[in-house]
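Please look through the sequence and the model shown below, and then read the briefing that follows, which goes topic by topic.

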Amino acid sequence: MVLGACGPATLPPGDQITDAGEATNRAIHRFNLALDQAVVGPTARGYGTIVPDPVRAGVGNFAANLSHPSYIMNNLLQVRVGQASQNLLRFLVNSTVGLAGLFDPATALGLPETRTDFGETLHVWGVGEGDFVMLPGFGPSTTRDTVGLIVDMASNPVRVAVAPAERSYVTATQLLDRLGDRYEMDDTLDGLLYESADSYAQLRSLYLQNRRFNLGGATAPQADVGDELYADPYVDPY
Amino acid sequence: MPHDTPVFRRAFLIASCGAMAGTALVPARAWALSTAQASGLVDQVTAEITRIINSGQSEATMLRDFERMLSRYADMPTIAQSVLGPPARAASASQLRAFADAFKGYMARKYGRRFREFIGGTVHVTGAQDTGRFVEVVGVVDMPTTAPFEVRFRVWDRSGQALFIDLLIEGVSLVITERSEMGSLLERNGGSIDATTAALGSLG
């Protein structure tokens, strides 16, 4: 990880991949696939079939609402005051009018969700993404975003605020929310994980492209690479 | 002789070649793709895709329609060589043609099936910029249930006609993603483009 002088880190172009621990990462990916086939996939399908749509949506909203204190904290660390106020307003509206976060009236009021995490905070502070990393259970990440994940888990204001007994309920709703996501994206994930020629390479490419897009928006500086192949993937056959 | 540098000679050579090909080159310049033309093409194509996915026809008919659209609006030689990457340089023209054709069918099947998830969605173009090499048209897809997401269409006219060379959804490029997938497929087929082309027939 390289710390820039100031301002956000440069973003590597879409197809540039640094994967120093590929052999280990592939082994973890095989473990994740086995876990998905044996436990996560079937459980998610059970959850999606048994629990009706509105209830699943409520669980999803509840879990998302509880993430907002963490978003706000990161927005402030990123010195993005506008986004911090928007997330604070969302949190207040959904916690009250939205019945403790079961509903999401804030989106309808023109306050859409903008997620963030400590990995993004590190990016804003100038920390480069480092290597691609596959995490057991969590899936694709980078060196920087793994550090971010650990910091987010340890510093989540909700976890710090609630009593240990309630903390397990928070964890449970978050797990249910992830199962809900797995169910919603069943076709997409099955196609990606079980029909592609190399699911590891596909997941790695999709994750890095999308993560850099989410970090950069349209304004982030792009890494200046001399290699034409990376700068522009389009071959001109004419 | 300050003028007799390699750079100057090369520039002179290009200029004289340009002059010889003069009449052929001038219309090509006048044809340069504008952002308005590219946006118009995106509007036309998204309207056509919306019509196909809402037509209620069978999946097989829909996939055939998508393949026909790719033939008409996508720059298949560019896409095929871009997803093959460096191995394309060693391939013959007929190998590339066969690969491009097989890849077109694979793309229509793989992505055509996914288009069904966009039933009820609408695309509106929010802007376009000329990057120098191609025009990038930016749009937003509004869906009835999920949050809106961004799409980018890349269009160029190197073939003499404005055609699509890539599609990006939330930053994920079809060409970059398929380049990774084709790399894996080539490796599995011992680096043979012919074997990869044959394998594509049963994929997607």
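This is a predicted model: local features need pLDDT of at least 70, side-chain atom pairs count only at pLDDT 80 or more; totals for chains, interfaces and linings use all residues.

**Chain B overall**

- The secondary structure of chain B comprises eight helices and five strands, where helices (H or I, at least four residues) and strands (E, at least two) are DSSP runs numbered from the N terminus.
- Read from the N terminus, the elements of chain B follow the order α-α-α-α-α-α-β-β-β-β-β-α-α.
- Chain B has 204 residues, of which 28% count as buried.
- Among the contacts in chain B with a separation of 6 or more, 52% come from residues 24 or more positions apart, a contact being two residues whose C-beta atoms, placed from the backbone, lie within 7 Å.

**The contact between the chains**

- Chain B contributes 23 residues to the contact and chain A contributes 21 residues.
- On the side of chain B that touches chain A, two or more residues each come from helix 5 (76-84), strand 5 (172-173) and helix 7 (174-188) of chain B, and helix 7 of chain B gives the most, with nine residues.
- That side of chain B divides by class into eight nonpolar, nine polar and six charged residues, with Ala, Val, Leu, Ile, Met, Phe, Trp, Tyr, Cys and Pro counted as nonpolar, Asp, Glu, Lys and Arg as charged, and the others, Gly among them, as polar.
- Helix 10 (residues 199-216) of chain A and helix 7 of chain B have axes that come within 9 Å and cross at roughly 160°, where axes are lines fitted to C-alpha atoms, for helices over the stretch in contact, and angles run from 0 to 180 degrees between N-to-C directions.
- Helix 10 of chain A is therefore roughly antiparallel to helix 7 of chain B, a term that applies to angles over 145 degrees.
- The residues that make this contact are A201(A), Q202(A), S205(A), L206(A) and Q209(A) of helix 10 of chain A, and I176(B), T177(B), S180(B), E181(B) and S184(B) of helix 7 of chain B; by class they are three nonpolar, six polar and one charged.

**Helix 7 of chain B**

- Helix 7 of chain B has 15 residues and reaches 21 Å from its first C-alpha to its last, close to the 21 Å expected at 1.5 Å a residue, the expected span being 1.5 Å times one less than the number of residues.
- Its buried residues include L174(B), V175(B), M182(B) and L185(B), and the buried residues of helix 7 of chain B pack against helix 10 of chain A together with helix 5, strand 4, strand 5 and helix 8 (193-200) of chain B.
- Just after helix 7 of chain B, G190(B) takes a positive phi of about 60°.

**Helices 3 and 4 of chain B**

- Helix 3 (residues 35-53) of chain B packs with helix 4 (residues 59-73) of chain B at an angle of about 170°, their axes being 10 Å apart, and the two helices are therefore roughly antiparallel to each other.
- V45(B), E48(B) and I52(B) in helix 3 of chain B meet M62(B), D65(B), F66(B), M69(B) and Y73(B) in helix 4 of chain B, and the residues of this contact divide into six nonpolar, no polar and two charged.

**Loop residues**

- L99(A) is found in the loop between helix 3 and helix 4 of chain A, and has a positive phi of about 50° although it is not a glycine.
- E170(B), in the loop between strand 4 (163-169) and strand 5 of chain B, also has a positive phi of about 50° without being a glycine, and is partly exposed, with 14 other C-beta atoms within 10 Å.

Methods:
Residues are numbered from 1 along each chain as its sequence is written. Chains are lettered from A and ligands numbered from 1 in the order in which they are written. Angles under 35 degrees count as roughly parallel, over 145 as roughly antiparallel, 65 to 115 as roughly perpendicular and the rest as oblique. A residue is buried if 20 or more other C-beta atoms lie within 10 Å of its own, exposed if 12 or fewer, and partly exposed in between; C-beta atoms are placed from the backbone.
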